[in-house]
Each structure stands twice: as C-alpha cells, then as structure tokens.
Amino acid sequence: MPVRVLIVDDEPLVRAGLRAVLEAQPDIEVVGEAADGAAVIPLVRQVRPDVVAMDVRMPLLDGIEATRALLRTMADPPKILVVTTFENDEYVYEALRAGADGFLLKRARPAEIAHAVRLIAEGESLLFPASVRQLAAEYGDGGGNRAARARLERARLTEREGEVLRLMARGLSNAEIAARLVVGTETVKSHVSAVLGKLGARDRTQAVITAYESGFVAPG
C-alpha cells in the first residue's frame, strides 16, 4: 500500500512542488491539500492520510497549534512531518514538543523529501537526529525541564531500556540498535515499545525529546 500524504501549506507553489515530488514516487500518494492548519482535522477525517506534511508557520492556525489540535482530537492520528524554511527555529522545536514526528526543510532535494515521508511513516528511526539534538541544545531547557525529569523518574526504565533510549537519541534504527546490542530486531522493537509506553511518548521523537529535556541524554 502506498504512503498516503496530506499537504498543508499556505503557499500554493510549495504545495505544488511537494505534490510533484511526492506523486513521482511509486509508493507515495498525495490524497489532499490544505492552505491552513484550521482545515487539517476535517481533511484528515475525510482522506485518512498516513502522513501530514505541514508548514510550521501559517496565518490562521500554525503547524504547532494544528499538531496539538490533531493529536488532542483524533484517537488514531496520522504521523506529522513539519515542513519549514529554517532549520534552527524555535517554532520547529515547539512543533516537535507538541507531537510532530519530525521536520523537513523546504529546500530539501526531492530524494530527501521522499525519504523523509517514508521514514516518518515507518517510525523506526529518528529523522535528522543531529538537527533534533541541536534544537534540543538550544531550546530544551538544558536538561532542567521538571516535567520531563518527573516523566523519566516515573518511567523507571531498566538498564537495557535506558541503553536503547540513548541509541534512539543518536538516530539508530531498530536494525542498527539490534546490531549494536547483539540482539534480535524483535527484541529491540519490544524494548522500544516499552520505552515509549513508560514515558507516555507517542513516538521516538517524543521519547528522545524527553531524554534530552530531562538531562538523561546530553544534547551537546
């Protein structure tokens, strides 16, 4: 089955460019477009995308608030890929904090755009881990976020789960973590699921942000 994508951006040229890039891929299907975050929820209900590629800055409802609304409203929300002009942007980090699964620069090459959509849909590795680490270093409270620290303390991760979380923060996929720890991929999947469940994180990105903001992993 192709990955179903909804494009949300207030610039018609950006929407057209993303559509052209994605529709050229045999395993990706663009199922709709919107010009503002306010239209996201009804459109998601209508077209049921796997991934929403969403601009972080829009005039009526920006990508941060649209992400929060989508995750708050829908029981089984799609993955959210924030599309942005600037990489080192507090808006991007706030979108990730709000629940977005990753971000992509608008100037990215076609192959990078398609790869980002596939990676976000699969959910088995972190998209642009070095950039997420840089954002966390600049905007992540320096490991002193009380809520994140409390979340981590309540989680009571085992030693192996903590090890897996550190490797997730470095951007390793399940297969790469399995090779590093000399265990099976299914074992790693179980550990990742346990980490997400204990932290109350919907995906790897949210777990890694908690790891950075709590000081469990240093983003520098």
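**Spaces and helix contacts**

Trainee: What is the volume of the largest cavity?
Mentor: This is a predicted model, in which local features need pLDDT of at least 70, side-chain atom pairs count only at pLDDT 80 or more, and totals for chains, interfaces and linings use all residues. Residues are numbered from 1 along each chain as its sequence is written, and side-chain values use heavy atoms, without hydrogens and water. A cavity is a set of points on a 1 Å grid over the protein atoms alone where a 1.4 Å probe fits but cannot get out, and a volume is the space filled by probe spheres set on points joined across faces, edges and corners. For the largest cavity, that volume is about 80 Å³.

Trainee: Which helices each supply at least two residues of its lining?
Mentor: Lining residues have an atom within 4 Å of a point, and here they are Lys79, Asp101, Leu119, Ile120, Gly123, Ser125, Leu126, Leu127, Asp203, Arg204 and Thr205. Four are nonpolar, three polar and four charged, where Ala, Val, Leu, Ile, Met, Phe, Trp, Tyr, Cys and Pro count as nonpolar, Asp, Glu, Lys and Arg as charged, and the others, Gly among them, as polar. Helices are DSSP runs (H or I, at least four residues) numbered from the N terminus. The two helices are H5 (110-122) and H11 (204-214).

Trainee: Which helix gives the largest share of the lining of the largest pocket?
Mentor: A pocket is an open set with protein on both sides within 12 Å along at least five of seven lines, and about 230 Å³ of space lies in the largest one. Its lining includes Arg97, Arg151, Gln206, Ile209, Thr210 and Glu213. By class, the lining has three nonpolar, four polar and four charged residues. The largest share, four residues, comes from H11.

Trainee: H7 also packs against H11; what is the handedness of their crossing?
Mentor: The axes, lines fitted to C-alpha atoms over the stretch in contact, with angles from 0 to 180 degrees between N-to-C directions, come within 8 Å and cross at roughly 110° for H7 (residues 146-155) and H11. H7 and H11 are therefore roughly perpendicular (65 to 115 degrees). Ala148, Arg149, Arg151 and Leu152 of H7 meet Thr210, Glu213 and Ser214 of H11, contact meaning heavy atoms within 4.5 Å. A crossing is left-handed if the near helix is turned anticlockwise from the far one by less than a right angle, and right-handed if clockwise; that of H7 and H11 is left-handed.

Trainee: How do H3 and H4 lie to each other, parallel or perpendicular?
Mentor: H3 and H4 (residues 90-98) pack with their axes 9 Å apart, at an angle of about 5°. Ile64, Thr67, Arg68 and Leu71 of H3 meet Tyr91, Glu94, Ala95 and Ala98 of H4. Angles under 35 degrees count as roughly parallel, and H3 and H4 are therefore roughly parallel.

Trainee: Which residues make the contact of H2 with H3?
Mentor: The axes of H2 (residues 40-47) and H3 (residues 63-73) come within 10 Å and cross at roughly 50°, which makes H2 oblique to H3. Their crossing is right-handed. The contact is made by Val40, Ile41, Val44 and Arg45 of H2 and, in H3, by Ala66, Ala69, Leu70 and Thr73.

How values were computed:
Angles under 35 degrees count as roughly parallel, over 145 as roughly antiparallel, 65 to 115 as roughly perpendicular and the rest as oblique.
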